[in-house]
Amino acid sequence: MPATPRSLDVAPYDALLLYSFGGPNKPEDVVPFLRNVTVGKGIPDARLEEVGEHYYGFGGKSPINEQNLELKAALEAELARRGIDLPVVWGNRNWEPFTTDAIDELERIGAQRAVALVTSAYSSYSGCRQYREDLAVVLEKRGQLDDSGSTGVELDKIRSYFNHPGFVQANLDAVADGFAELVAKGGDPRSARLVFVTHSIPDTMEAASVVSQATYSAQHLDVARSVVAGLAERLGHDVAWDLAYCSRSGPPSQPWLEPDVNDHLEALAADGVTDVVMAPIGFVSDHMEVAYDLDTEAMATAGELGLTAVRAGTVSTREPFVRGLVDLLLERAAIARGEDVAEATVGDLPPFRSVCAPGCCLRRDGEPSGVPALCGSGLYS
């Protein structure tokens with residue numbers, strides 16, 4: 001029977017890459033940042049200025065960079081607590097420090113084989129493969145990629161961790177705190193509706209994500225069921241819940257996952273619901289999609305509808321989450337050493353693959369992009 005890794009050995013890895021989306025730090029960064037996010041789509045700067053209004057409303061600064069630094073510090077502290085000597089390097093796809101900056105840093109510290117921890121818990125094109133593609137493209141531009149992969153720093157990836165006990169536990173704790181806040185505001189926890197919220201994606205991306213082992217939406221539903229089961233035990237009664245989406249973009253003609261959280265709040269109010277807890281289980285930290293789409297827009301919608309509403313926290317640097325990420329690192333190291341490992345999960349879905357399968361997480365099912373991607377069974381698979 002496979003064993004749960006107990007060793008604190010992180011070999012063969014000599015560095016951990018904390019790999020994220022990135023965000024602007026000041027107003028002058030907003031349009032250049034959005035150009036990076038939308039590269040190849042031909043969106044004019046005038047339209048990017050309109051999109052950037054969300055950022056300008058927060059002084060032109062996204063919270064994500066400071067939150068990644070807090071997570072980096074928390075990981076370093078947890079590694080040190082366990083006596084693990086492993087440098088943590090931070091890099092982003094779309095803003096400083098860029099992917100190439102992170103690889104520069106890995107080379108500077110002499111890393112030969114690093115493992116990437118993506119700040120997206122779920123498997124889809126935008127949450128997994130796009131990061132893998134960016135790593136490969138950057139290495140290719142540096143002349144450090146051939147048919148076998150990286151010819152410089154070798155890079156692996158920690159599996160999608162939505163159903164890891166640490167992530168689920170931290171979400172459960174956050175939701176329980178949200179219900180306590182609702183009670184403090186005079187809400188009724190027995191009749192309250194729990195609305196889980198995540199980033200919407202196009203229907204085509206949702207269909208393609210099934211190759212991962214379960215679709216993007218099914219992954220979220222699995223987490224939601226686990227959280228609700230734990231919450232019902234804590235509260236001593238059943239909890240009614242739904243899954244809604246936010247941050248839709250793209251042309252109206254392109255179908256995306258629904259319902260939008262604002263539309264869903266309207267439907268709940270029409271059905272007589274008076275108390276709501278919104279839980280952003282699709283997000284690791286309180287970055288712009290949470291700060292604007294939920295804290296600003298959805299909370300305003302709830303206020304207009306007369307709902308008593310609370311937004312639960314994200315996993316952020318909660319202790320179960322950070323501890324779980326280090327457990328995942330140790331698990332991935334054991335797999336890389338060829339050990340037979342029991343990969344910890346919660347819920348009905350299996351642990352997702354550490355080495356992505358052919359055709360995994362494409363933008364559209366069955367339509368390879370022709371762009372190389374690391375951490376899979378083949379560069380172009």
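Thr-38 is buried, with a relative accessible area of 15%; buried means under 20% relative accessible area, exposed over 50%, and partly exposed in between, using a 1.4 Å probe and protein chains only. This residue sits in the loop between helix 1 (30-37) and helix 2 (45-51). Helices (H or I, at least four residues) and strands (E, at least two) are DSSP runs, numbered from the N terminus. Apart from neighbours within four places in sequence, Thr-38 is in contact with Ile-43 and Leu-48, where contact means heavy atoms within 4.5 Å.

The model is predicted: local features need pLDDT of at least 70, side-chain atom pairs count only at pLDDT 80 or more, and totals for chains, interfaces and linings use all residues. Residues are numbered from 1 along each chain as its sequence is written, and side-chain values use heavy atoms, with hydrogens and water left out.

The next topic is charge. Side chains of opposite charge can pair when their charged atoms come close. A salt bridge is a side-chain nitrogen of Lys or Arg within 4 Å of a carboxyl oxygen of Asp or Glu. By this rule the structure has 26 salt bridges.

One of them joins the side chains of Glu-154 and Arg-113, with 3.7 Å from N to O. Glu-154 belongs to strand 6 (residues 154-157) and Arg-113 to strand 3 (residues 113-118), so this pair ties together parts that are 41 residues apart in sequence. Glu-154 counts as partly exposed, at 37% relative accessibility.

Another salt bridge is found between Arg-129 and Glu-133, at 3.3 Å from N to O. How far apart are Arg-129 and Glu-133 in helix 6? The two residues are four residues apart in helix 6 (residues 125-141), and are therefore separated by about one helical turn. Arg-129 and Glu-133 are both buried.

Asp-173 and Arg-234 also form a salt bridge, and their closest N and O atoms are 2.6 Å apart. Asp-173 lies in helix 7 (residues 165-184) and Arg-234 in helix 9 (residues 216-235), so the pair ties together parts that are 61 residues apart in sequence. Elsewhere, salt bridges that share partners join Glu-78, Arg-81, Arg-82 and Asp-327 into one network.

Helix 7 and helix 9 also pack against each other. Their axes are 9 Å apart and meet at an angle of about 50°. Axes are lines fitted to C-alpha atoms, for helices over the stretch in contact, and angles run from 0 to 180 degrees between N-to-C directions. Angles under 35 degrees count as roughly parallel, over 145 as roughly antiparallel, 65 to 115 as roughly perpendicular and the rest as oblique. Helix 7 and helix 9 are therefore oblique to each other. The crossing of helix 7 with helix 9 is right-handed; a crossing is right-handed if the near helix is turned clockwise from the far one by less than a right angle, and left-handed if anticlockwise.

Which residues make this contact? Helix 7 contributes Val-168, Gln-169, Asn-171, Leu-172, Asp-173, Val-175, Ala-176 and Phe-179, and helix 9 contributes Ser-226, Val-227, Gly-230, Leu-231, Arg-234 and Leu-235. Sorted by class, the contact of helix 7 with helix 9 has eight nonpolar, four polar and two charged residues. Here Ala, Val, Leu, Ile, Met, Phe, Trp, Tyr, Cys and Pro count as nonpolar, Asp, Glu, Lys and Arg as charged, and the others, Gly among them, as polar.

The backbone has some details to point out. A cis peptide bond joins Ala-11 and Pro-12, with omega about 15°, and Pro-12 is in the segment before strand 1 (15-20). The peptide bond from Glu-258 to Pro-259 is also cis, with omega near 10°. Pro-259 lies in the loop between strand 8 (240-246) and helix 10 (261-270).

The segment after helix 12 (319-336) holds Asp-340, which is exposed, with a relative accessible area of 55%. Cys-361 is also in the segment after helix 12. Its phi is near 60°, a positive value in a residue other than glycine, and Cys-361 is buried, with a relative accessible area of 0%. Cys-375, likewise found in the segment after helix 12, has a positive phi of about 65° although it is not a glycine. Cys-375 counts as buried, at 11% relative accessibility.
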